[in-house]
Amino acid sequence: MGDAHRIGVIGLGVISRAYLDTLVGHRAVRVTAVADLDPSRSAAVAAQLPGVQAQSVEELLSSPDVDTVLNLTVPAAHAEIALGAIGHGKHVYGEKPLAAELTDAGTVLEAAAKAAVGVGCAPDTVLGTGVQTARAAVEAGAVGRPLFASAVMVTPGHERWHPHPDFYYTAGGGPLLDMGPYYLSALVHLLGPVRAVIGASSRRRTERVIGSGPRAGERIPVEVDSHVSGVLEHEGGVLTTITTSFDGVATTAAPIEVHGEKGTLTVPDPNNFDGEVRLLELGGTQWRTLPPSAGYVGAARGVGLLDFVAAGGQRAPRASGELALHVLETMTALLRSSAEGRRIELSTSVERPVPVPLTPPREWR
């Protein structure tokens, strides 16, 4: 990918600020252009960033001053923007999911392979010290042979805080497609890829009320299931039960637990980069907090893009398009299993990403 890497950002919604905070001023990359469907938004962002141009989406996709397109659009537009970038010979790194539809995600990877460009995809939170320390502990035998795991995400819905939450309740949204990538990416790191799933889901409310911003009080329709549960069969034989819900108030369950013959490990929220990893060994009486032993220390949104750039075609990026495709198939298979009432075997697999050694901020920032 070359040494001096130029980034063009498309989609300047809420999440873009976190990416820009990480990328602007970084020694290895340079943000050169921004674009949004709302020209006033891109103009306002560019005005705050010296040397960054505000462009239309079409101008940015064809710009000779952009090497990689950072795709932060809504899920329904992910594939269109990615294919546009690939069509102009650019690498693309996007927010999750890789695409709203599995077939579109496959098309993106096929097009990238033909064009000899790279595809990366969030989430990169799993590259922080939380999940990576947990992975290192599992691989070191802290729980013995893993037998089963659980993953739980329960919230009352993003409409309580997001000023424009419509896309969370349309195709490509819902608790599984929105939050599932964090949990499933973490589970692949911890336990390997998934070979089959069984799912069940529900939609008990047909509308939601926006709780903040200029549209507070407005009702929006719910077009996707807002509660999804399932069982994942990992290729190594471990079973994971997963629950993702926009229908609950809260939960006391650990975000992820790995249960093995010799102990149980709790994994912090994979939506965050760090957090406590705790271990209770068989016969023990107290949980023990493990010190960080792996991962990007102090990581922030965009570290996966930096890892993607650093890979430079010499190794697979840790936040890869292939991992995102496998995670997307796992999620869509869970939804299809729920609709059809049957176990579904997956057609994709993926190599577990290379572990992240303990990397202090001075080495990755």
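Let's start with the largest cavity, which is lined by N71, H78, A82, V92, G94, E95, P97, L98, V108, V119, G120 and C121. Helix α4, strand β5 (91–94) and strand β6 (119–121) are the elements that each give two or more residues to this lining, and β6 gives the most, with three residues. The largest cavity holds about 60 Å³ of space, and a search of the whole structure finds three cavities of 30 Å³ or more. How do you find a hole like that? Rolling a probe the size of a water molecule over the atoms shows where empty space is left. On a 1 Å grid over the protein atoms alone, a cavity is a set of points where a 1.4 Å probe fits but cannot get out, and lining residues have an atom within 4 Å of a point. Grid points are joined across faces, edges and corners, and the volume is the space filled by probe spheres set on the points.

A quick word on what you're looking at: this is a predicted model, where local features need pLDDT of at least 70, side-chain atom pairs count only at pLDDT 80 or more, and totals for chains, interfaces and linings use all residues. Residues are numbered from 1 along each chain as its sequence is written, and side-chain values use heavy atoms, with hydrogens and water left out. Helices (H or I, at least four residues) and strands (E, at least two) are DSSP runs, numbered from the N terminus.

P97 sits in the loop between β5 and α5 (102–115), and the peptide bond from K96 to P97 is cis, with omega near -10°. Another cis peptide bond joins A122 and P123, with omega about 15°; P123 lies in the loop between β6 and α6 (129–139). In the loop between α5 and β6 you'll find A116, whose phi is near 60°, a positive value in a residue other than glycine.

Now for T73, in the loop between β4 (68–71) and α4 (78–87). Is T73 buried or exposed? T73 counts as buried because its relative accessible area is 17%, and buried means under 20%, exposed over 50%, and partly exposed in between (1.4 Å probe, protein chains only). The side chain of T73 makes a polar contact of 2.7 Å with that of N71. A polar contact is a pair of N or O atoms within 3.5 Å; within protein, one must be able to donate a hydrogen and the other to accept it, and residues adjacent in sequence count only if both atoms are side-chain atoms.

H158, in the loop between β7 (146–154) and α7, is also buried, with a relative accessible area of 8%. Its side chain and that of D178 are joined by a polar contact of 2.7 Å.

Next comes the largest nonpolar core, which has 103 residues, and V9, L70, I256 and L265 have the most contacts inside it. Helix α7 (residues 174–191) supplies the largest share of this core, eleven residues. Such a core is a set of buried Ala, Val, Leu, Ile, Met, Phe, Trp, Tyr and Cys residues joined through side-chain atoms within 4.5 Å.

Finally, look at strand β8 (residues 194–202). Eight bridges join β8 to the antiparallel strand β11 (residues 227–234), with I198 partnered by V231. β8 also pairs with β17 (residues 344–345) in the antiparallel sense over two bridges. Two strands pair if DSSP finds at least two bridges between them.

Terms used: On a 1 Å grid over the protein atoms alone, a cavity is a set of points where a 1.4 Å probe fits but cannot get out, and a pocket is an open set with protein on both sides within 12 Å along at least five of seven lines; lining residues have an atom within 4 Å of a point.
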